[in-house]
Amino acid sequence: MRSLRCEEGYQGGVFIKEKILIVEDDFTIQAQLKTFLSGNGYEVFAITDFSQIIQQVKMFVPHLVILDIKLPGSNGFEICSEIRTFSDIPIVFVTSSNTDMDELNSIMLGGDAFITKPYNTAILLAKIAALLKRAYPSRQVESCTWNGVTLHPASGVIEYREQKAELTKNEMKILYYLFKNAGKICSRNDIVDFLWDNQLYVDDNALSVNVTRIRDKLNKIGLTDFIKTKHRQGYTL
Amino acid sequence: MSGKLYLKNQMLVILVNLTGMLALALFLLASGNQFQTVMLIFIVWLIIITTYLSVVYYVRKRYLNRLLDMAEQLEERYLIPEIMTIPEKADEQVFYQIMKMAEKSMLEKIGAIQNERKEYKEYIEQWIHEVKTPITAMKLLCENNRSPFTREILAELENINHYTEQALYYARSEHAEKDYSVRETDLCDVVHSAIADNKYLLRQSNMTITIDDIENRVYTDDKWVRFILNQIIGNAIKYRTEQPVLYFSTIKTNDRVVLSISDNGIGIPQSDLPRIFEKGFTGRNGRTGKNSTGMGLYLCKRLCDKLGIGLTALSENKGTTIALSFQMNDFVIRVQG
């Protein structure tokens with residue numbers, strides 16, 4: 001039996017996805033952001049009725065709020081100060097205007113981050129992860145297991161039947177991406193994109209070299225053919 | 001005030017006096033006065049009239065020269081009626097009135113143009129903020145549906161974003177107000193975000209990126225530096241050669257941190273180098289096919305000047321190195337320990 005278990009956000013043994021609330025009045029962005037964040041393992045709720053934002057925040061009880069500054073009938077600053085009267089959840093301001101006044105305002109009113117449109121999705125994800133980690137420190141136990149092989153991203157170690165191998169940063173991130181998408185075929189392009197998002201600027205050739213090195217390391221701990229090459233498509237676990 | 005012209009203007013006074021003298025001479029001689037007596041009266045008359053004319057000339061000249069000096073020292077010369085003393089002479093007062101009127105209409109016109117410019121600038125800024133919403137939407141749409149096709153669109157979107165940013169910073173840099181805030185900034189973070197802004201363009205051009213140890217903190221505005229780096233990276237992509245490389249490194253000395261960005265692109269001809277930061281300068285590279293606006297580096301220079309960052313370009317036949325030099329003053333060094 002194949003099984004994937006990525007232990008993220010464990011609380012009392014029950015797996016809970018972190019909840020993110022999107023307050024954004026552009027419907028395309030709203031829908032696409034929802035898809036994007038859901039695809040990255042968050043439970044996402046988007047506000048569609050802008051007359052009762054606060055009530056919806058209280059109902060949904062998110063772990064983090066993504067807040068646009070310009071909203072119909074109100075603005076993000078007001079919403080932020082209202083949320084701050086009853087909750088300390090991280091608030092990420094998202095706006096298309098990048099003036100200093102707005103940034104200063106958002107910080108003064110208790111916002112935790114300020115991101116300007118068009119935002120880089122990798123930077124947005126990194127900010128969200130960092131804020132969640134800071135706000136809920138106990139939740140961060142992360143390790144991935146697939147077919148009896150365990151990856152410990154924090155220490156950069158891969159483990160199989162009590163045998164361990166140390167990985168470099170590049171190798172770690174490649175394996176992490178494959179584990180996250182275990183069972184699916186990961187295209188070379190997507191893997192390189194993911195590495196770039198993590199500030200590792202490798203090219204296609206370097207990816208091949210790294211995968212070969214990973215295979216050597218896996219062979220040494222008794223794992224053969226763990227990473228499979230799909231011709232013209234990419235790699236898969 | 002020219003003396004010749006003054007004499008010409010006083011011709012009427014001189015003529016009237018001469019006619020008076022002639023009439024008096026005829027009358028005195030006819031009534032049996034001696035020639036010597038008439039001559040004496042003439043000489044005294046002449047002395048009086050010459051003294052009068054020269055005294056008036058020197059007094060006027062001094063007064064007018066002072067006025068001229070005042071006008072020359074004034075930055076906004078049309079404001080001269082505000083600081084000059086109101087003249088006493090009847091005709092001068094008319095001219096003064098005319099100057100006042102000219103000043104007023106000038107001020108009104110300047111006010112109207114300033115207002116117009118302000119509105120235009122605000123409209124441009126607003127437009128840019130609005131266009132960023134669809135850009136964001138398109139970006140997310142592409143990220144959620146990755147394929148070779150959407151990758152190309154993402155690269156083009158990065159180009160669009162560069163151009164809108166350029167317009168935004170141009171609109172801002174034209175105005176004197178401070179639109180930046182200096183704070184402690186990690187150069188490493190700024191470089192990584194600038195690379196992230198150009199991710200798809202860089203990937204498309206197969207750029208090899210090397211980042212040397214750049215763990216340096218400087219005091220600057222991160223948004224502006226990110227914009228400057230974006231322009232430099234954009235140039236490195238635009239003017240690349242086969243197997244392009246981009247290399248980031250820093251050098252730290254006592255009082256400054258220098259961030260260098262080197263590429264192995266086509267480089268800049270020596271003859272063009274001194275002028276690349278000029279507005280609208282495109283040079284040989286710009287003329288040979290690459291559509292260059294001559295705005296990118298000009299804006300970089302302007303922003304750098306405002307932030308107190310030294311900006312230099314070096315190019316020897318092949319490849320270009322742009323260096324950003326961040327000043328670390330005594331205070332900053334003391335704070336950092």
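A residue is taken here as buried if 20 or more other C-beta atoms lie within 10 Å of its own, as exposed if 12 or fewer do, and as partly exposed in between. By this criterion, 22% of the 337 residues of chain B count as buried, while buried residues make up 32% of the 237 residues in chain A. Both values refer to a predicted model, for which the scores are ipTM 0.83 and pTM 0.80. In chain B the mean pLDDT is 88, and 96% of the residues reach 70 or more.

The overall form of chain B was examined next. Its secondary structure comes to 12 helices and 7 strands. The radius of gyration of chain B is 36 Å, well over the 20 Å that the globule rule gives for 337 residues, and the chain is therefore more spread out than a compact globule. Along the principal axes, the C-alpha trace of chain B spans about 125 × 45 × 45 Å. The domain assignment of this chain gives domain 1, covering residues 3-104, and domain 2, covering residues 181-336, and the C-alpha centres of these two domains of chain B lie 67 Å apart. Among the contacts in chain B with a separation of 6 or more, 68% are accounted for by residues 24 or more positions apart.

Just after α2(B), B:Gly32 adopts a positive phi of about 85°.

For chain A, the secondary structure comes to 8 helices and 16 strands, and the C-alpha trace spans about 60 × 40 × 25 Å along its principal axes. Chain A is likewise divided into two domains, with domain 1 assigned to residues 19-135 and domain 2 to residues 144-236; the C-alpha centres of domain 1 and domain 2 of chain A are 33 Å apart. Of the contacts in chain A between residues at least 6 apart in sequence, 57% join residues that are at least 24 apart.

The two chains meet at an interface in which 25 residues of chain B are in contact with 23 residues of chain A. On the side of chain B that touches chain A, at least two residues are supplied by each of α5 (90-144), α7 (187-197) and β2 (208-211) of chain B, and α5(B) gives the most, with 11 residues. The residues on this side of chain B divide into 7 nonpolar, 10 polar and 8 charged. From chain A, A:Asp203 touches B:Asn206 and B:Thr208. This aspartate is placed in the loop between α7 (188-197) and α8 (204-220) of chain A, and, with 15 C-beta neighbours inside 10 Å, A:Asp203 counts as partly exposed. The C-alpha atoms of A:Asp203 and A:Asp193, which are 10 residues apart along the chain, are separated by 9.6 Å.

Most residues other than glycine have a negative phi, and most peptide bonds are trans. In the loop between α7 and α8 of chain A, where A:Gln199 is placed, this residue, which is not glycine, has a positive phi near 65°; with 19 C-beta neighbours inside 10 Å, A:Gln199 counts as partly exposed. A positive phi, of about 45°, is also found at A:Arg161, likewise not a glycine. A:Arg161 lies in the loop between β13 (157-160) and β14 (163-166) of chain A and is exposed, with 9 other C-beta atoms within 10 Å. A cis peptide bond, with omega of about -5°, joins A:Lys117 and A:Pro118, and A:Pro118 is placed in the loop between β10 (113-116) and α5 (121-135) of chain A.

How values were computed. Residues numbered from 1 in each chain as written. Chains lettered and ligands numbered in written order. Predicted model: local features only at pLDDT ≥ 70, side-chain atom pairs only at ≥ 80, totals over all residues. Domains from an automatic or database assignment. Contact = placed C-beta atoms within 7 Å. Helix = DSSP H or I, 4+ residues; strand = E, 2+ residues; numbered from the N terminus. Nonpolar A, V, L, I, M, F, W, Y, C, P; charged D, E, K, R; others polar. Rg over C-alpha atoms; globule rule 2.2 N^0.38 Å. pLDDT = per-residue confidence, 0-100. Lists of a residue's contacts leave out its neighbours within four places in sequence.
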